[in-house]
Amino acid sequence: MSTHVDVTRSAALYERALKVLPGGVSRNAAFRDPHPLYADHAEGCRITDIEGVTRLDFANNMASLIHGHADPDMVRAVTAQLRKGTAYNIGTEIEVRYAEYLNERIPGFDMMRFVNSGTEALMVGIKASRAFTGRPMIAKAEGAYHGAYDFVEVSQTPSPANWGDADEPRRVPLVKGTPESAVNEVVVIPYNNIDRSISLLERSKDKLACLVLDLMPHRVGLNPADPEYVAALRDWTKKNGVLLLLDEVITLRSHYTGLQEQYGLRPDLTAMGKMIGGGFPIGAIAGRRDVMDVLNPRSKSYVYPHSGTFSANPISLTAGLAAMEKFDRSEVARLNGMAERAIASIREMIRQTGARASVTGGGSMFRVHMKATAPTNYREAHTTAEENKRVKVMLDHMFDAGFILINSCSCALSTPMGDAEVDDLLDAMRSGFEKIAAMP
Ligand SMILES: Cc1ncc(COP(=O)(O)O)c(C=O)c1O
């Protein structure tokens with residue numbers, strides 16, 4: 001594949017973008033030095049930019065495109081729906097059908113509400129937990145990303161300069177000016193550390209509405225949680241009447257019924273997003289009937305009036321149902337098998353090249369760290385300036401070789417990929433590790 005890049009058109013577009021978009025981008029995930037890539041079109045697992053360069057896409061819009069780009073089934077379904085309208089003030093059959101489908105597919109889902117993003121799903125889940133328990137606080141793991149909402153943003157990106165004692169991580173707001181009152185409603189626990197986490201939770205147990213948990217949090221290192229840690233937290237929540245709000249916005253792709261099944265876990269609520277929209281914006285919150293009843297205007301427990309202009313719009317739901325039906329058990333297993341092979345191969349090439357690196361992951365995702373030891377919590381996953389330099393060398397190397405990765409050096413597989421695409425990725429990575437091993 002040719003990767004010769006004439007930057008003129010992209011550079012010129014970026015000049016214009018800088019005048020109208022802060023930093024020239026609408027979201028930081030697209031930010032890139034010296035300028036972002038601009039997509040012209042994409043199909044399957046390949047994106048062609050406006051310079052005419054085609055690359056293999058291992059980012060898949062931050063792990064949301066389980067079937068890659070412009071999947072023919074999705075295009076057909078959405079085109080038919082587009083002709084019938086995109087949003088109505090009344091209900092649709094597709095919202096009932098899709099809710100039935102997901103409730104049947106995932107054990108423990110009694111009821112479902114569709115929203116527009118993962119952030120919104122977490123927000124509704126937190127507010128429903130508060131409404132159900134009558135308590136104000138939430139707990140979350142240090143470094144975990146649960147969307148753009150004041151409470152879950154607490155300690156999303158703390159650094160050694162402000163994260164405080166490991167036994168008692170400081171609550172660090174993401175954005176200057178975040179109300180202290182919001183920050184103080186969050187208990188920040190250290191991932192994978194049972195004793196410390198439980199002792200911090202104990203201190204606020206009467207005020208906690210929910211514990212928000214991701215079983216393989218990307219920013220905490222994309223490492224599956226220790227099963228003992230998850231079991232201990234679940235026991236604790238049950239004992240203390242605190243709801244478990246599981247964030248499966250990413251991890252739902254890891255298993256046919258979500259990563260929760262692999263842990264034998266039955267959360268009270270599950271937040272979803274990304275792949276369940278089949279390439280369109282979506283979020284959903286699902287779980288126990290009695291908890292979800294706080295949203296039910298027909299129920300005696302109704303205490304949470306909830307709306308959203310584009311919630312359950314038939315475009316996202318039509319694409320989403322088509323995507324999930326196609327992501328069947330055999331496709332889940334095929335992608336997971338490819339990722340498992342990639343992880344083993346990357347581990348081996350790190351050993352052979354002597355690069356100071358490691359690899360983590362699970363399901364159909366993996367992440368390369370420029371650290372000799374794979375991280376198990378946020379503080380270990382936090383990158384130094386020197387590690388960031390090596391990440392950039394690898395990302396640039398992969399970019400020049402014709403691959404798009406998530407900028408943390410992570411990959412998310414999609415169903416249009418086969419062994420050939422994974423082999424191409426691994427070949428390019430090998431020379432990347434050789435480059436890194438030769439760095440001073
Ligand atoms: C684990 C997790 N939770 C929540 C979100 C928020 O989803 P959205 O970007 O759709 O608001 C993300 C997004 O990256 C995520 O990775």
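A crossing of two helices is called right-handed if the near helix is turned clockwise from the far one by less than a right angle, and left-handed if it is turned anticlockwise. In this predicted model, helix α8 passes helix α9 in a right-handed crossing. The chain is divided into two domains, domain 1 (8-66 + 329-437) and domain 2 (72-326).

**Domains and their interface**

- Domain 1 is made of two stretches of the chain, 8-66 and 329-437, while domain 2 covers 72-326.
- Taken over C-alpha atoms, the centres of domain 1 and domain 2 are separated by 26 Å.
- The contact between the domains involves 30 residues of domain 1 and 32 residues of domain 2.
- About 2,500 Å² is buried between domain 1 and domain 2, and 56% of this area is on carbon and sulfur atoms.
- On the domain 1 side, the residues that lose the most area to domain 2 are Ile66, Tyr378 and Arg379, which together account for 31% of what that side buries.

**Helices α8 and α9**

- Helix α8 spans residues 194-203 and helix α9 spans residues 227-239; their axes come within 10 Å and cross at roughly 20 degrees.
- Because angles under 35 degrees count as roughly parallel, α8 is roughly parallel to α9.
- The contact of α8 with α9 comprises 7 nonpolar, 1 polar and 2 charged residues.

**Helices α13 and α16**

- The axes of helix α13 (residues 329-353) and helix α16 (residues 419-437) come within 10 Å, with a crossing angle of roughly 20 degrees.
- With this angle, α13 is roughly parallel to α16.
- The two helices α13 and α16 form a right-handed crossing.
- On the α13 side, Met338, Arg341, Ala342, Ser345, Ile346, Met349, Ile350, Gln352 and Thr353 take part in the contact.
- Their counterparts on α16 are Asp419, Val422, Asp423, Leu426, Met429, Arg430, Phe433, Glu434 and Ala437.
- Sorted by class, the contact of α13 with α16 has 10 nonpolar, 3 polar and 5 charged residues.

**Helices α3 and α12**

- Helix α3 (residues 72-84) packs with helix α12 (residues 314-326) at an angle of about 155 degrees, and their axes are 9 Å apart.
- Since angles over 145 degrees count as roughly antiparallel, α3 and α12 are roughly antiparallel to each other.
- The crossing of α3 and α12 is right-handed.
- The contact is made by Asp73, Met74, Ala77, Val78, Gln81 and Leu82 of α3, together with Pro314, Ile315, Thr318, Ala319, Ala322, Ala323 and Lys326 of α12.
- By class, the residues in the contact of α3 with α12 are 9 nonpolar, 2 polar and 2 charged.

**Tyr263 and its surroundings**

- Tyr263 is located in the loop between α10 (259-262) and β9 (269-273).
- Apart from neighbours within four places in sequence, Tyr263 is in contact with Leu215, Pro224, Ala225, Asp226, Pro227 and Val230.
- Between Tyr263 and Gly432 there are 169 residues of separation in sequence and 35 Å in space, C-alpha to C-alpha.

**Backbone details**

- Asp33 and Pro34 are joined by a cis peptide bond, with omega about 0 degrees.
- Pro34 belongs to the loop between α1 (8-20) and β1 (39-43).
- Ala63 is not a glycine, yet its phi is positive, at about 70 degrees.
- Ala63 is placed in helix α2 (residues 60-63).

Conventions:
Residues are numbered from 1 along each chain as its sequence is written. This is a predicted model: local features need pLDDT of at least 70, side-chain atom pairs count only at pLDDT 80 or more; totals for chains, interfaces and linings use all residues. Side-chain values use heavy atoms; hydrogens and water are left out. Axes are lines fitted to C-alpha atoms, for helices over the stretch in contact, and angles run from 0 to 180 degrees between N-to-C directions. Helices (H or I, at least four residues) and strands (E, at least two) are DSSP runs, numbered from the N terminus. Angles under 35 degrees count as roughly parallel, over 145 as roughly antiparallel, 65 to 115 as roughly perpendicular and the rest as oblique. Ala, Val, Leu, Ile, Met, Phe, Trp, Tyr, Cys and Pro count as nonpolar, Asp, Glu, Lys and Arg as charged, and the others, Gly among them, as polar. Domain bounds come from an automatic or database domain assignment. Contact means heavy atoms within 4.5 Å. Buried area is the accessible area (1.4 Å probe) that two parts lose on being put together, summed over both.
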